[in-house]
Amino acid sequence: PIAPLDFSIFGDNLQVARIRLQPGQELYAEAGKMVYKQPAVEWETRMSGDSLGDKLLGALKRTLMGDALFLTYFRCATPGEVGFAGDYPGRIQALALAAGQSILVQRDSFLCAQSSVTLNIAFTKRLGAGLVGGEGFILEKLTGPGTAFIHAGGDHLEFTLAAGEALQIETGCIVAFEETVDYDIQLVGGIKRALFGGEGFFLATLTGPGKVIVQSMTLEKMRRMLAPTRSGGDEHKGLDVITGMLGSDD
């Protein structure tokens, strides 16, 4: 059996996953996600996979996902702590995956995981859904056993859909969904609503059974809010937004 991780998630809008490793435990993470580590924690950067063929195949898959070719691995001979964080304000969520259990996550949301968790490439079931969906044609697939950590913007909402129960979501707001959930893209009502409704032309329809995780703030929305504008009086809009987020007491 996989030994459970001792961890806590610290902070509010700029969260850090604080993981206390025991001897024999190993983590891997995306490059650049580590915030700190104690000296007892050793690290090395390498390709995933046991054989050369597995490593080359893994590198090809990571290239398709738009990720770096290498992952960083962490382990220790004596107990030690290491911390990880995302690249922008948001939340970190721990996913406890049973053996063989899989969850699909949006690109760039993966933070770190126990080495027993497999990180793989996944394609949406429908080509059309992938081409027009906010997550793109390629998703990341995490398969247990073990604990994986993901990061996404704003706050997170969880829905547990019954068989046949559907939820319509702005495509970019999808963080993750279980493999049992069906994923499709549908055109928003009419042309008028699509052009002037502010939600874009398409909505993602997720149909249960299974769990779905939704984010309240996408990275693309955050970029638009923080980008300088040429409108009079809006030059400091981005600064006001980030100041409000960091200074919130909620």
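Predicted model: local features only at pLDDT ≥ 70, side-chain atom pairs only at ≥ 80, totals over all residues.
1. Strand E9, residues 102-105, and strand E12, residues 138-143, run antiparallel and are joined by 4 bridges.

2. Strand E9 also pairs with strand E16, residues 174-178, over 3 bridges, again in the antiparallel sense.

3. The side chains of E9 deserve a separate remark. In a regular strand, side chains alternate between the two faces of the sheet. In E9, Ser102 and Leu104 point one way, while Ile103 and Val105 point the other way. Which of these residues are buried? All of them are: Ser102, Ile103, Leu104 and Val105.

4. An open sheet is formed by 6 strands, in the order E5-E6-E3-E10-E13-E8, with antiparallel pairing. Strand E5 (41-46) and strand E8 (90-97) each have a single partner strand, so they stand at the edges and one side of each is left without a neighbour in the sheet. On average, neighbouring strands of this sheet are turned by 20° against each other, direction ignored.

5. Within that sheet, E3 and strand E6 (residues 71-76) are paired by 5 bridges in the antiparallel sense. Tyr28 stands opposite Tyr73 of E6.

6. Gln25 belongs to the loop between strand E2 (16-21) and strand E3 (26-30).

7. Phe74 is 49 residues away along the chain, yet the C-alpha atoms of Gln25 and Phe74 are separated by 8.5 Å. Leaving aside residues up to four places away in sequence, Gln25 touches Ala3, Pro4, Leu5, Arg20, Phe74, Arg75 and Cys76.

8. Two polar contacts of the Gln25 side chain may be noted. The side chain reaches the backbone oxygen of Pro4 at 3.2 Å. A polar atom of the side chain of Gln25 also lies 2.9 Å from the backbone nitrogen of Gln22.

9. Cys76, one of the residues touched by Gln25, counts as buried at 7% relative accessibility. Cys173 is likewise buried, with a relative accessible area of 8%. How many disulfides does a search of the whole structure find? The search finds 0. A disulfide would be a covalent bond between the sulfur atoms of two cysteines.

Conventions. Residues numbered from 1 in each chain as written. Heavy atoms only, no water. Helix = DSSP H or I, 4+ residues; strand = E, 2+ residues; numbered from the N terminus. Contact = heavy atoms within 4.5 Å. Polar contact = N/O pair within 3.5 Å; in protein donor to acceptor, adjacent residues only side chain to side chain. Disulfide = S-S within 2.5 Å. Buried < 20%, exposed > 50% of the residue type's maximum accessible area, 1.4 Å probe, protein only. Pairing = 2+ DSSP bridges. Axes fitted to C-alpha atoms, helices over the stretch in contact; angles between N-to-C directions.
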